[in-house]
Amino acid sequence: METPSAASCRRRPLQPPLLLCLLLFALCPQPGLGLYTVNTVYGDTIILPCRIEVPDDLMFGKWKYELANKAPVFIAFRSATKRSVHYDDVPEYKDRLTLSENYTLSISNARIGDEKRFVCMLVTEDNVFEEPTIVKVFKQPSQPTVVDQATFLETEELKMLGECISNEGYPEGNLTWYKNGMVLKPVEGAVVINEQTNVDKASGLYTVISSLEYMPTKEDKNAHFTCTMTYYGPTGREILRSESVRFDVH
């Protein structure tokens, strides 16, 4: 999904020698972040249009990405005169890039590490045109599941009811417990909720775990307990709900 903004092309006049000026331009920090954002789903192909009208006297186009307080990294080059394409030796993008004739960049198998500011550069003999694009990656977590359930509950006794787990989501979501459709909130000595988040170092995906300790009353004999995972996807806020569970109350 693509969300356009009012970003506009920036131009800088070049003075000879051309290559030296291009190098200085590429290395100097660029102020501000572009507001044009491309939302993509984890594992899908990211499509980044250049969004610059290709000038008639174009020499070549390049793509780079920028990280805060670091030098920009060039990843793809296409010559307008020789009609050749070159992909820079950047390990994280090896065999994942395609640069089309209109300078649209495609990145296959979207990863969490692709959340960056990418910049398209079109270079003529007299000018450099730049346009940034922000990439956001989303991954739907698994449906929350209640595990390690208590075999029964006892009135007037605070006991671990179970744990709700939702795996492999991005960005981080949060879990909420419900009893008979009503949100359960912590109550000292009666309702204790603890949530923790683990991140997989390799994938960057989150697993969220929420435990519930509960002191039932006689009225909880037929109570239904569920938990929900609230997260954000490419189109906004989403909710996943677990299967309901019931407990014998002694």
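The stops below cover aromatic pairs first, then charges over rings.

This is a predicted model, so to say: local features need pLDDT of at least 70, side-chain atom pairs count only at pLDDT 80 or more, and totals for chains, interfaces and linings use all residues. Residues are numbered from 1 along each chain as its sequence is written, and side-chain values use heavy atoms, with hydrogens and water left out.

**Aromatic pairs**

Searching the whole structure gives seven aromatic pairs. Rings of Phe, Tyr and Trp (its six-membered ring) pair if their centres lie within 6.5 Å; planes under 30 degrees apart count as stacked, over 60 as edge-to-face and the rest as tilted.

Select Tyr65 and Tyr93. Their ring centres are 6.0 Å apart and the planes meet at 55°, so this pair is tilted. Tyr65 sits in strand 5 (residues 58-66), while Tyr93 is in the loop between strand 7 (85-87) and strand 8 (97-99), 28 residues apart. Strands are DSSP runs (E, at least two residues), numbered from the N terminus.

Phe118 belongs to strand 10 (residues 117-124), 53 residues from Tyr65.

Are Tyr65 and Phe118 buried or exposed? Both are buried (under 20% relative accessible area, exposed being over 50% and partly exposed in between; 1.4 Å probe, protein chains only). Tyr93 is buried too. Tyr65, Tyr93 and Phe118 make up one aromatic cluster.

**Charges over rings**

Select Lys62 and Phe74. The charged end of Lys62 sits over the Phe74 ring, 4.2 Å from its centre. The cut-off: NZ of Lys or CZ of Arg within 6 Å of the ring centre and within 35 degrees of the ring normal.

Finish at Arg241, which lies over the face of Tyr178, 5.2 Å from the ring centre.

Terms used: Helix = DSSP H or I, 4+ residues; strand = E, 2+ residues; numbered from the N terminus.
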